[in-house]
Amino acid sequence: NATELTSGTLPMARLSGTLPALNGSALTALNGSNISSGTLPTARLGTGKILQVVSEQRGMYNQNTTSTTEQDVEYSSGNTWEMAITPSATSSYLWITGVYGVAFSASNTQNRYNLKPYIKIGSGSYAQMLGNYTTGYYHSNSAQYGMQASGLYPFHIKFSPNTTSECKIKLTYRVQHSGYGASITINPHTGGETRMTVMEVSG
């Protein structure tokens, strides 16, 4: 009778059938390739996993300004372009990447413009995510007057919203200094569209 066994180890060849319902906490070195059914919960995947992705590009509505007041990038006249994502955990962070499609010109010095991304969490107000993010030219040499710049200007942000409420991201632009014939155009031509991708990454 097996109840009489008080020492030694039974060889595996003497055991038959399937494993009974045991506490598996002492099992180690299990190969992930042996998982053949069911779904692993996200919490078991560790950190750095991409949980969701939203991506858009806007090129249908051409915008331009000579103003030093911030303007929202829009998808149509008067309609702000907002990218929305709702994190699944407060420990997640948002990886935001994209490009502004920009054309800029000025006829004198102070040839600079300003690009800023903002975020709004839940019903709160929009808050700036980066510094001024100023780009362009600044020259006092007359040989540099009348400079023009056109192209795709990238940005990359890692942001921790610490929430499971909806987050909205918008982009703004403005001329840094008035005068000198300075003007900035968003989405100036086909292939110069403004694009943005927002990913939720596990923390």
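**Rings and strands**

Author: Let's start with a charge over a ring: Lys170 lies over the face of Tyr118, 5.8 Å from the ring centre. That label needs NZ of Lys or CZ of Arg within 6 Å of the ring centre and within 35 degrees of the ring normal. Lys170 also lies over the face of Tyr126, at 4.5 Å from the ring centre. Before we go on, this is a predicted model: local features need pLDDT of at least 70, side-chain atom pairs count only at pLDDT 80 or more, and totals for chains, interfaces and linings use all residues. Residues are numbered from 1 along each chain as its sequence is written, and side-chain values use heavy atoms, with hydrogens and water left out.

Reader: What kind of aromatic pair do Tyr113 and Tyr153 form?

Author: Rings of Phe, Tyr and Trp (its six-membered ring) pair if their centres lie within 6.5 Å; planes under 30 degrees apart are stacked, over 60 edge-to-face, the rest tilted. Here the count is 3 aromatic pairs. Tyr113 and Tyr153 are edge-to-face, 6.1 Å centre to centre with 85 degrees between the planes. Tyr113 is in strand 8 (residues 112-121) and Tyr153 in strand 11 (residues 148-159), so the pair ties together parts 40 residues apart in sequence. Strands are DSSP runs of E, at least two residues, numbered from the N terminus.

Reader: Is Tyr113 buried or exposed?

Author: Buried means under 20% relative accessible area, exposed over 50%, and partly exposed in between (1.4 Å probe, protein chains only). Tyr113 is buried at 0%, while Tyr153 is partly exposed at 21%.

Definitions and conventions. Helix = DSSP H or I, 4+ residues; strand = E, 2+ residues; numbered from the N terminus.
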